[in-house]
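Please look at the sequence and the structure below, and keep both in view while reading the paragraphs that follow.

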Amino acid sequence: MASAIGSLPQHPETTEKSRPVPENSEANGGAGCPAQDPDVGSHGADPLPGKKDLFIEADLMSPLDRIANVSILKQHEVDKLYKVENKPALSSNEQLCFLVRPRIKNMRYVASLVNADKLAGRTRKYKVIFSPQKFHACEMVLEEEGVFGDVSCDEWAFSLLPLDVDLLSMELPEFFRDYFLEGDQRWINTVAQALHLLSTLYGPFPSCYGIGRCSKMSYELWRKMGEEEDGETKGRRPEIGHIFLLDRDVDFVTALCSQVVYEGLVDDTFRIKCGSVDFGPEVTSSDRSLKVLLNAEDKVFNEIRNEHFSNVFGFLSQKARNLQAQYDRRRGMDIKQMKNFVSQELKGLKQEHRLLSVHIGACESIMKKKTKQDFQELIKTEHALLEGFSIRESTSYIEEHIDRQVSPIESLRLMCLLSITENGLIPKEYRSLKTQYLQSYGPEHLLTFSNLRRAGLLTEQAPGDTLTAVESKVSKLVTDKAAGKITDAFSSLAKRSNFRAISKKLNLIPRVDGEYDLKVPRDMAYVFSGAYVPLSCRLIEQVLERRSWQGLDEVVRLLNCGELAFTDMTKEDKASSESLRLILVVFLGGCTFSEISALRFLGREKGYRFIFLTTAVTNSARLMEAMSEVKA
Amino acid sequence: MNRTKGDEEEYWNSSKFKAFTFDDEDDELSQLKESKRAVNSLRDFVDDEDDDDLERVNWSGEPVGRRTRPGSFQSLSDALSDVPPKSYAPELGRPKGEYRDYSNDWSPSDTVRRLRKGKVCSLERFRSLQDKLQLLEEAVSMHDGNVITAVLIFLKRTLSKEILFRELEVRQVALRHLIHFLKEIGDQKLLLDLFRFLDRTEELALSHYREHLNIQDPEKRKEFLKTCIGLPFSAEDSAHIQDHYTLLERQIIIEANDRHLESAGQTEIFRKHPRKASILNMPLVTTLFYSCFYHYTEAEGTFSSPVNLKKTFKIPDKQYVLTALAARAKLRAWHDVDALFTTKNWLGYTKKRAPIGFHRVVEILHKNSAPVQILQEYINLVEDVDTKLNLATKFKCHDVVIDTCRDLKDRQQLLAYRSKVDKGSAEEEKIDAILNSSQIRWKN
């Protein structure tokens with residue numbers, strides 16, 4: 001990539017982050033994703049020339065793995081690699097480099113190393129590289145610990161990892177807890193920068209839609225960046241027609257459901273990390289695990305990833321038969337044909353064979369696990385919760401889950417699903433479930449419950465609607481000290497979910513006459529066995545259809561997003577009709593593979609092409625873990 | 001997306017973004033800060049008029065005010081790199097560009113913008129409360145949490161906590177940032193003060209309670225939990241905290257006792273089934289399981305007896321039975337299992353009852369590989385006929401299946417089942433006998 005400095009008319013302030021030159025980025029081609037500069041060597045080369053040991057934070061290993069390998073590190077004279085852990089470093093190198101997230105505990109770790117060296121009368125060079133950016137609070141810690149100046153700092157503004165042809169991840173799983181639990185807006189700048197980068201690559205977005213406070217703030221900050229660096233995108237032809245921003249808390253329900261499309265199920269069962277998955281011996285049927293990259297390049301995977309699990313087995317066995325037939329063709333070949341076969345087809349067939357056996361193994365393992373945990377009954381309960389019938393039975397199902405000490409995360413998830421779909425639990429039930437939970441999984445989960453309540457994931461029904469009335473009255477009197485105290489009681493980010501009413505308005509539970517044919521899905525509900533259309537995806541569908549939020553006022557109000565749904569249309573005349581089909585969907589707080597599958601389906605139906613940008617790929621277990629307060 | 005090796009190289013090498021670095025200038029930096037502070041405080045005496053309307057003049061006589069700093073004035077070095085000039089020195093008359101970062105007249109919005117870009121920026125000029133709050137509001141209006149926190153760090157340092165708390169109370173976004181920041185740096189004292197000031201008693205209590213997670217030593221942890229008991233939790237949580245304390249207290253006693261028993265090697269149960277882990281800090285249900293496993297027959301008076309645990313922690317019947325069943329079944333103590341469900345009425349008749357439903361009992365027994373006779377007995381207690389048949393079929397309890405079909409007079413199902421049992425087995429004989437019986441009036 002050529003240096004952009006000096007080649008573009010720039011405001012003095014703008015040079016700091018030079019962007020890749022926005023030239024023919026093929027937005028409509030295979031590459032929906034921009035490549036990005038991992039600015040590790042922020043001085044054009046090595047941030048710390050010479051031999052050094054590199055300490056990497058565990059969370060950054062997988063992203064780094066996607067773009068670099070050990071030999072590249074060796075070329076940069078990295079001698080040994082360490083994980084950042086809470087242990088003293090045994091490194092004997094004269095130069096230490098740390099690649100970390102901007103976290104306080106990392107700063108303390110670095111400081112303790114530096115101070116230990118100082119005590120031992122040892123001098124070394126230390127460099128901390130923050131990814132994706134440095135926080136002022138980190139510097140404060142370095143200063144407080146007396147190592148400011150001993151340590152030099154850099155940033156690796158690596159904020160977009162292309163996981164697939166249509167999926168960009170910021171790899172910031174902590175975004176969810178930081179914002180939706182703690183109300184910390186530290187990552188909004190990172191999001192705005194990512195959007196900024198995308199708009200410099202793909203031109204301005206003719207229309208923007210969004211819903212949620214975080215979306216709105218990110219959008220505003222992004223716009224601000226655009227203003228500060230105007231001239232950047234003006235006059236450029238837009239390549240992406242629409243952008244849609246969505247906060248995770250607008251739709252918790254979808255993220256809490258068990259996933260049943262293949263990719264989602266693989267994620268729920270084995271955890272896909274940075275687009276790849278470790279299949280253990282139970283899948284590979286050998287004694288070794290296998291790391292498999294899951295994306296569109298895996299031809300077998302690409303055909304089954306969006307399918308309902310019930311279709312996958314049939315598909316794979318059909319595929320296996322075809323493969324057998326192709327192998328069989330070699331019988332009766334003459335030498336020349338055989339030579340051709342071996343040199344041209346065999347490699348492809350072998351590759352396919354390998355992929356097939358991996359996915360068949362995965363399917364078997366999933367089946368085994370799901371049968372063992374009575375998946376059928378679980379799904380039945382979830383569907384009952386979504387539709388709002390037999391609440392009593394569902395509650396006792398959850399209770400039994402807890403009593404039998406089935407996975408704590410699973411129990412928590414079901415409770416949250418019950419709470420959100422029912423607008424909170426009846427106080428008596430809340431208390432009883434909570435008590436049983438603490439008895440089964442440990443009293444310290446008292447803290448988890450407090451977190452869930454603050455985030456609005458697991459709440460008690462308030463007596464009547466008086467609470468919201470008081471709240472709105474009080475908010476008008478914020479300057480009054482006494483009133484301020486009252487608002488505190490409601491100061492959490494929690495809101496009423498109104499799921500039932502929203503579901504009705506948006507028709508999220510499809511009426512099914514007869515069997516829902518999962519082989520030939522008729523709507524996005526297929527990703528949940530035909531029982532539920534993901535709320536997030538339905539919202540996107542509706543807004544795209546109307547090209548605004550018009551007519552969705554009631555839904556927006558029920559979502560507690562009265563002033564947080566926005567539309568920004570600029571002239572569309574410059575955009576080609578082709579680009580208008582291309583839609584960037586931004587999930588703040590994470591999106592699930594089920595949502596991605598649902599929107600891919602919508603895209604095929606309506607002739608759109610979706611590109612996803614998410615702070616991280618998530619699922620119900622990750623959301624619950626983010627809220628859990630467990631022993632370190 | 002596959003990238004070629006060459007591309008990867010480029011990733012690492014073609015870095016254009018020059019991040020701000022502090023390099024090794026901190027000595028001079030701090031000196032400069034010092035002198036700057038001195039100069040600033042002097043200025044407060046000199047500039048008694050409205051700052052913004054006056055053109056500021058630095059000591060070398062050159063104007064440094066905002067109004068006289070047009071865009072073109074921005075030095076090249078400042079524009080092209082984020083690396084600040086190498087040396088800051090307090091001498092007067094240095095080129096202006098080098099003063100830039102410490103310039104006194106960045107407006108709140110300029111300051112916030114610089115902070116947002118990660119540049120160093122002195123906040124010392126914001127001395128009046130009004131200025132400080134304006135700066136904070138500007139940061140909040142930009143939405144960047146990193147900057148909000150940076151400003152809060154400055155406010156925390158330069159305002160008394162009463163004033164800081166008072167102002168944040170009406171600024172909820174900033175307040176949340178401060179709370180999260182205090183949690184992260186572990187400034188527990190200030191955090192508790194803040195909650196106290198805000199009258200957020202429950203958060204205060206929880207925040208204090210959270211500290212127990214960092215205490216490893218069980219005795220110390222127990223003592224700490226004791227200090228949590230009187231904290232202003234909700235009534236419901238107070239009971240949980242009390243239970244947590246009592247539980248750990250019990251576990252410490254049980255652990256000491258059992259460790260002793262185990263090492264003495266005199267107790268059969270510990271010899272046969274050595275403990276896999278300590279019981280300390282385990283959940284209540286796990287503790288109950290442990291106690292049902294190792295101390296089942298103990299009298300209620302001992303701390304380790306299941307009955308005592310049940311009473312102390314008001315464990316519901318359902319939970320108790322479920323746990324005891326799992327523990328006794330694991331030991332294959334079928335007699336205990338039997339006793340668990342046997343009740344006597346006032347006439348002395350015995351009856352089997354299960355608060356959890358016998359289908360669950362059967363599943364748990366099966367999981368612990370109970371013999372067929374035992375399984376059969378409990379499957380027969382399942383009330384719902386379909387469930388009963390399903391379970392019996394699933395767990396191959398032939399007698400139950402056959403008898404149930406007979407009772408249902410379901411000849412077809414019995415015929416179908418005949419094909420599933422082994423040829424020439426006792427089951428087949430039994431089925432044939434029933435099929436040939438003339439006593440039964442089949443429904444099909």
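This is a predicted model: local features need pLDDT of at least 70, side-chain atom pairs count only at pLDDT 80 or more; totals for chains, interfaces and linings use all residues.

Helix H11 of chain B, residues 218–228, packs against helix H12 of chain B, residues 235–264, at an angle of about 155 degrees, and their axes are 9 Å apart. H11(B) and H12(B) are therefore roughly antiparallel to each other, and their crossing is left-handed. Among the residues of H11(B) that take part in the meeting are Arg221(B), Lys222(B) and Leu225(B), while H12(B) contributes residues including Ile241(B), Tyr245(B), Leu248(B) and Ile252(B). The spacing along such a contact can be read with a general rule in mind: an α-helix has 3.6 residues a turn, so residues three or four places apart point the same way.

A second pair is found in chain A, where the axes of helix H15, residues 391–403, and helix H17, residues 427–441, come within 9 Å and cross at roughly 20 degrees. That angle makes H15(A) roughly parallel to H17(A), and the crossing is left-handed. Residues of H15(A) including Thr395(A), Ile398(A) and Ile402(A) meet residues of H17(A), among them Leu433(A), Gln436(A) and Tyr437(A).

Chain A also holds helix H13, residues 335–372, whose 38 residues should span 56 Å at 1.5 Å a residue; the C-alpha atoms at its ends are 51 Å apart, which agrees. H13(A) has a kink of about 50 degrees, centred on Glu345(A). At the start of H13(A), a side-chain oxygen of Asp334(A) comes to within 3.2 Å of the backbone nitrogen of Lys336(A), and after the helix comes Asp374(A), with a positive phi near 55 degrees.

In chain B, Asn281(B) is not a glycine, yet its phi is positive, about 65 degrees; Asn281(B) sits in the loop between helix H13 (268–272) and helix H14 (284–294) of that chain. In chain A, the peptide bond joining Ser131(A) and Pro132(A) is cis, with omega about 0 degrees, and Pro132(A) lies in the loop between strand S4 (125–130) and helix H4 (136–144).

Notes:
Residues are numbered from 1 along each chain as its sequence is written. Chains are lettered from A and ligands numbered from 1 in the order in which they are written. Side-chain values use heavy atoms; hydrogens and water are left out. Helices (H or I, at least four residues) and strands (E, at least two) are DSSP runs, numbered from the N terminus. The expected span of a helix is 1.5 Å times one less than its number of residues. The bend at a residue is the angle between axes fitted to the seven residues ending there and the seven starting there. A polar contact is a pair of N or O atoms within 3.5 Å; within protein, one must be able to donate a hydrogen and the other to accept it, and residues adjacent in sequence count only if both atoms are side-chain atoms. Axes are lines fitted to C-alpha atoms, for helices over the stretch in contact, and angles run from 0 to 180 degrees between N-to-C directions. Angles under 35 degrees count as roughly parallel, over 145 as roughly antiparallel, 65 to 115 as roughly perpendicular and the rest as oblique. A crossing is left-handed if the near helix is turned anticlockwise from the far one by less than a right angle, and right-handed if clockwise. Contact means heavy atoms within 4.5 Å.
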